[in-house]
Amino acid sequence: MKDEREQLPSAVDDAADVMSNYDPPAYDDPAPEPEYEGPKLLHMTHPFLSKAPSEIDIEKEDLKQLKADLLEAMYYYRGIGLSANQIGIDGKYFVVGDGKEEEPFEKAFFNPSIIGVSKEEDHLREGCLSFPELWLMVKRPIQVTLKFFNSDGEEIVETYEGTTARVILHEYDHMLGANFTHRVSKLKLERGLKAVAKKHKKHQRRIQRLLKT
Ligand SMILES: [Zn+2]
């Protein structure tokens, strides 16, 4: 586990350094969304997210329930992937789902470990529910082979590619107590954060105008 974290391409310390000076903007939205009864999302700067979650007891836990609860939160927050630690659960698992009405692709990965990735990589824009509005171009392998327990408690090995592989690799970073900010250079991260601040200012001005009319 420790090795995997050390293998992150950009220095974890660099990202931590940038993020420690970062103050997430607060939105004073005139029309806040109705309160969600479910779990709250932890922001990326929350210390809980920089700690690798504990493996879960496959025999003891109700895996189907854990999957359903996490998927529900994921869909509420409009994500295509969510890790349990992002909603404050100390458990090494995550879900991915495409939200399709018919035959949705929905999967939970309990105690996952990566056993192989493709040499071929690509760059794609990524966001994270724990960090609204931050978008970063992240380089990742296009294919991943993963060993994990499914929600029936069976240990399986599967290979994924394309968007699914991308989402899995993104979520897997959360299993290491890491995230997508550790996959880019300090410069890229600073640029990304600047863009968030700019967008936030624009949003605030729009709200101020709305409040005046
Ligand atoms: Zn994320």
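**Reading the core, the sheet and a loop**

Modeller: The largest nonpolar core has 40 residues, and those with the most contacts inside it are L70, L82, V95, A108, F109, F110 and I168. Please keep in mind that this is a predicted model, in which local features need pLDDT of at least 70 and side-chain atom pairs count only at pLDDT 80 or more, while totals for chains, interfaces and linings use all residues. Residues are numbered from 1 along each chain as its sequence is written.

Colleague: What is a nonpolar core?

Modeller: A nonpolar core is a set of buried Ala, Val, Leu, Ile, Met, Phe, Trp, Tyr and Cys residues joined through C-beta atoms within 7 Å. A residue is buried if 20 or more other C-beta atoms lie within 10 Å of its own, exposed if 12 or fewer, and partly exposed in between, with C-beta atoms placed from the backbone. In soluble globular proteins, nonpolar side chains tend to be buried together.

Colleague: Which element gives the most to this core?

Modeller: Helix α4 gives the most, with 6 residues. Helices (H or I, at least four residues) and strands (E, at least two) are DSSP runs, numbered from the N terminus. Among the elements that each supply at least two residues of the core are α3, β2, β3 and α5 (186-212).

Colleague: In what order do the strands of the open sheet lie?

Modeller: Two strands pair if DSSP finds at least two bridges between them. Here 5 strands form an open sheet in the order β1-β2-β3-β6-β7, with antiparallel pairing. Its edge strands, β1 (81-83) and β7 (155-161), each pair on one side only. Between β1 and strand β2 (residues 93-97) there are 3 bridges, and S83 has F94 in β2 as its bridge partner.

Colleague: Which helix lies across β1, β2 and β3?

Modeller: That is helix α3 (residues 63-76), which runs at about 55 degrees to β2; axes are lines fitted to C-alpha atoms, for helices over the stretch in contact, and angles run from 0 to 180 degrees between N-to-C directions. Two residues are in contact if their C-beta atoms, placed from the backbone, lie within 7 Å. Leaving aside neighbours within four places in sequence, V95 is in contact with residues including K67, L70, L71 and M74.

Colleague: Is Y36 buried or exposed?

Modeller: Y36, found in the loop between α2 (12-20) and α3, counts as exposed because it has 12 C-beta neighbours inside 10 Å.
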